[in-house]
Amino acid sequence: MKSLASAHRLPSWIRSTAALLACVFGFHALAPSAQAGPISSFDMLAGSARTADLNTIQQALEHKVVKQRMGELGFTAGEIQLRLAHATDAELHQLATQSETMMAGGVIGLVISLLVIVLLVLLVMRVSATPVSAVDSRIARTA
Amino acid sequence: MSKGALAFIRLGLALASLGLTGCAAPIGRVGLLRLAPQSSALFQCGPTTLAAVLAFHGTVVPEDIISRAIYSPTAHGVLLTDLAWFARSQGYQTELRTGTSEDLQRAVAAGRPPIVLLDLGLGAIRQPHFTALTGWGEEGVHCQGTGANGTLVAEPKFIRQWERAGKQYLLITPAS
């Protein structure tokens, strides 16, 4: 009781500072503590070896995907080898992730497009050129 | 001035200093870069585009030399990585990326015409084509073309063609 009475006589700035410190330490006590410490060399090497192995596997898979896609595009085996040798790791990764859109830039598609259009036009002309009398006679025979 | 007003002003200054009101300004119209026109030779859009970009950076290499180095007669074309490799062989730094239209605009604004792969086809019909960007504005996207003034493509059309080809671009930079 005597201590409470004496506390009221303390200056306000001391009381507010004490309250602030109490809050800060209180939050600190509630916050989860992070554990940090040295790890053994064995654990560190095991982790980095696993990462290296995963990178090797990823590169091998990307190599395979890119090689297959280049073959589909028409590159010869020698051209594929040359391109894989010249590509950086980042480019190889880019090619692998974009394998479905990988295209050899040129205008070959234009040629194919024109051929398709010509074939369609010829087909339409052939169908429309069928004489009406021939159709009528076929209908008469089946009636 | 009342204490409340003063506190309000202080709060406003504090928030402003945190950058909460800051945002990236739009890139706006990007000036035109001058590139040599593309050759109209069949299947040579890649080599001719690369020749123009290298010439823009100060290295003149004839298109036929580039074509002999990287063109595949069986695949009837070249890959973006082929263009990158040849540029590196000439001493340039290259960056092959997948990005956004803002990335392209920034590259043009920085004086680095990006080489892009477009798919000019429709539906299942693919028509790959290389070109370099020379400008970007409200009127559309300026691309290298066969004419001296290049080709102007409406932005939605360009974006569609670029997306069909995977939104890839190649940046070529002189080695510092």
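The dialogue below goes through a predicted model of two chains, feature by feature.

Q: What should I know about the model and its numbering before reading any feature?
A: This is a predicted model, in which local features need pLDDT of at least 70 and side-chain atom pairs count only at pLDDT 80 or more, while totals for chains, interfaces and linings use all residues. Residues are numbered from 1 along each chain as its sequence is written, chains are lettered from A and ligands numbered from 1 in the order in which they are written, and side-chain values use heavy atoms, with hydrogens and water left out.

Q: Which helices and strands make up chain A and chain B?
A: Helices (H or I, at least four residues) and strands (E, at least two) are DSSP runs, numbered from the N terminus. In chain A they come to 7 helices and 0 strands, in the order α-α-α-α-α-α-α from the N terminus on. Chain B has 6 helices and 6 strands, and along its sequence the pattern is α-α-α-α-β-α-β-β-β-β-α-β.

Q: Where do the buried residues of a helix point, taking H4(A) as the case?
A: The arc used here is that of the directions from the helix axis to the C-beta atoms. In helix H4 (residues 77-86) of chain A, the buried residues are A:Glu79, A:Ile80, A:Arg83 and A:Leu84. Seen down the axis of H4(A), they fall within an arc of 130°, so they line one face of the helix. The face turned away from that buried side carries the exposed residues A:Ala77 and A:Ala85.

Q: Which residues is A:Lys67 in contact with?
A: Contact means heavy atoms within 4.5 Å. A:Lys67 lies in helix H3 of chain A and is partly exposed, with a relative accessible area of 42%. Leaving aside neighbours within four places in sequence, A:Lys67 is in contact with A:Ile80, A:Gln81 and A:Leu84. A:Lys67 and A:Gln81 are 14 residues apart in sequence, and their C-alpha atoms are 8.3 Å apart in space.

Q: Is A:Arg69 buried or exposed, and which residues is A:Arg69 in contact with?
A: A:Arg69, in helix H3 (residues 41-73) of chain A, is buried, with a relative accessible area of 18%. With neighbours within four places in sequence left aside, A:Arg69 is in contact with A:Ser99, A:Glu100 and A:Met102.

Q: What do the buried residues of H5(B) pack against?
A: In helix H5 (residues 101-109) of chain B, the residues B:Ser101, B:Leu104, B:Gln105, B:Ala107 and B:Val108 are buried. Seen down the axis of H5(B), the buried residues fall within an arc of 160°, so they line one face of the helix. They pack against strand S2 (115-119), strand S3 (128-137), helix H6 (155-164) and strand S6 (168-174) of chain B.

Q: How many aromatic pairs are there, and which residues form the aromatic cluster?
A: Rings of Phe, Tyr and Trp (its six-membered ring) pair if their centres lie within 6.5 Å; planes under 30 degrees apart count as stacked, over 60 as edge-to-face and the rest as tilted. The structure holds 4 aromatic pairs over all chains. The rings of B:Phe158 and B:Trp162 have centres 6.3 Å apart and planes at 20°, so this pair is stacked. The rings of B:Trp162 and B:Tyr169 have centres 6.5 Å apart and planes at 50°, so this pair is tilted. B:Trp136, B:Phe158, B:Trp162 and B:Tyr169 form one aromatic cluster.

Methods: Buried means under 20% relative accessible area, exposed over 50%, partly exposed in between (1.4 Å probe, protein chains only).
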